[in-house]
Amino acid sequence: MTTGRSPSHPEGDQPVSVPSPSDEAAHRRRFAGRTLDCPDVLIVNDGYLKATWPFLADRLREGLVGTDHTLLWETVPASSHLRDIRGVDDVRALVLIGVEPEPADLAALSRLAVVAGVGGVGSAVAAELAARGIAYVDGSRGHTDSRAEHAIALVLAALRSLPSWHTTMAVEGPRAWPLPSWQYSDHPGLVNGTLRGKTVAVVGLGPLGARVAELCAAFGATVAVADPDADEIDVAVSGAQRIDLEHVSAADIVVVTEGTPRSRLTAAVLDRLRAGSLVVTLDAAGIDLAALRERVLRGELAWATDVYETVPVPLDDPILGRDNVVHTPGIAGRTREANHGVADVLVENIARVLRGGQPWPWDRLPFARPIPVEESASSDGATQA
């Protein structure tokens, strides 16, 4: 396997500085028994790190080195395997960025204590981790605020038809201004106006769902949460009413923040949504996008989304250019602060585990729960970043 490794920089595109003799001696004392060919943290990415998480790499490297860990960065193409990396059997912490390992890869990491990344891993990997008692740390808490605020931005933009008005003014100029006798910015056939007074159903009560529920309530909306796997304490802390997935159809606005096989909005549920309702999607795994698209194309629902069935969306896709759709290109969690936040969550939990502790409970995915056969067969368990 050919990989471009550069211990001095995660991307391998910066010159390697030559340490002074005194620096080398200090390094040997600091990392006694550890070398860059036998690192305690292995970070693997899919080759698209600069495009997907441009500010994460340096922050992650600085944080881990600052907590006295030796690192090895590897780019792993789809045709390669983690188990082929030199020194992998000494690795105690594995960080996955856009890479899905195989159970055989994990088996080769005999000293592995923690796996970390953004989003989940597949069912087979989850089962392997659970069987060995290895924690999986999800860095999603680090971009929760960014994604939640983006969800609110999508809601407000859809309620007031902001993209349509912006485009109309840019194209038509003065002709776009309302007649002197009226000034009304909302779409009369769709849910519109203020968020205050609306009923909002949030699907998924992870960190993102909880934050979205909190923000919607702060705007004066009546909020309910739908997540069959959420603990009662989490529902109570959210301050929202708990509802079944079948009852989201009563809401003015449905916000899909995450999805599992048990919390996915099916075509049957979407068919019952009231005409004119607004659906906001931040996770494609949480909803039947094909069924949603059908109702949107018929003009029956409004849709504000940061995720799609295919990426990028073809320019001839009929979903584009509609006045009942608001689009963003997968940028909800891609701010600089979000990149740094994800890195900080990963560093903090990796350091805790390698010091003999446990990850924070809110960052640890509950892989100890047995995975039903139907879940394993119907989904790979991964979530969008």
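Q: Buried means under 20% relative accessible area, exposed over 50%, and partly exposed in between (1.4 Å probe, protein chains only). What percentage of the 385 residues in the protein chain is buried?
A: This is a predicted model, in which local features need pLDDT of at least 70 and side-chain atom pairs count only at pLDDT 80 or more, while totals for chains, interfaces and linings use all residues. Residues are numbered from 1 along each chain as its sequence is written, and side-chain values use heavy atoms, without hydrogens and water. In the protein chain, 45% of the 385 residues are buried.

Q: How many helices and strands does the protein chain contain, and what percentage of its contacts between residues at least 6 apart joins residues at least 24 apart?
A: Helices (H or I, at least four residues) and strands (E, at least two) are DSSP runs numbered from the N terminus. The protein chain has 13 helices and 12 strands. With contact taken as heavy atoms within 4.5 Å, 63% of the contacts between residues at least 6 apart in sequence link residues at least 24 apart.

Q: In what order do the seven strands of the open sheet lie, and which strands stand at the edges?
A: Strands pair if DSSP finds at least two bridges between them. Here seven strands make an open sheet with parallel pairing, in the order 8-7-6-9-10-11-12. Strand 8 (241–242) and strand 12 (325–327) are the edge strands; each has a single partner strand, so one side of each lacks a neighbour in the sheet.

Q: How many bridges join strand 9 to strand 10, and how many join strand 10 to strand 11?
A: Strand 9 (residues 253–256) pairs with strand 10 (residues 278–281) in the parallel sense over four bridges, and Val255 faces Val280 of strand 10. Strand 10 and strand 11 also run parallel, joined by four bridges, with Leu278 opposite Ala302 in strand 11.

Q: How many aromatic pairs does a search of the whole structure find?
A: Rings of Phe, Tyr and Trp (its six-membered ring) pair if their centres lie within 6.5 Å; planes under 30 degrees apart are stacked, over 60 edge-to-face, and the rest tilted. The search finds two aromatic pairs. In one of them, Trp360 and Trp362 are stacked, 5.2 Å centre to centre with 5 degrees between the planes. Trp360 is partly exposed at 25% relative accessibility, whereas Trp362 is exposed at 52%.

Q: Where is there a cis peptide bond, and which residues have a positive phi without being glycine?
A: Most residues other than glycine have a negative phi, and most peptide bonds are trans. Val311 and Pro312 are joined by a cis peptide bond, with omega about 0 degrees; Pro312 sits in the loop between strand 11 and strand 12. Asp68 has a positive phi near 70 degrees, lies in the loop between helix 3 (56–66) and strand 2 (71–75), and is partly exposed at 34% relative accessibility. Ser161 has a positive phi of about 55 degrees in the loop between helix 6 and helix 7 (162–172), and is buried at a relative accessible area of 9%.
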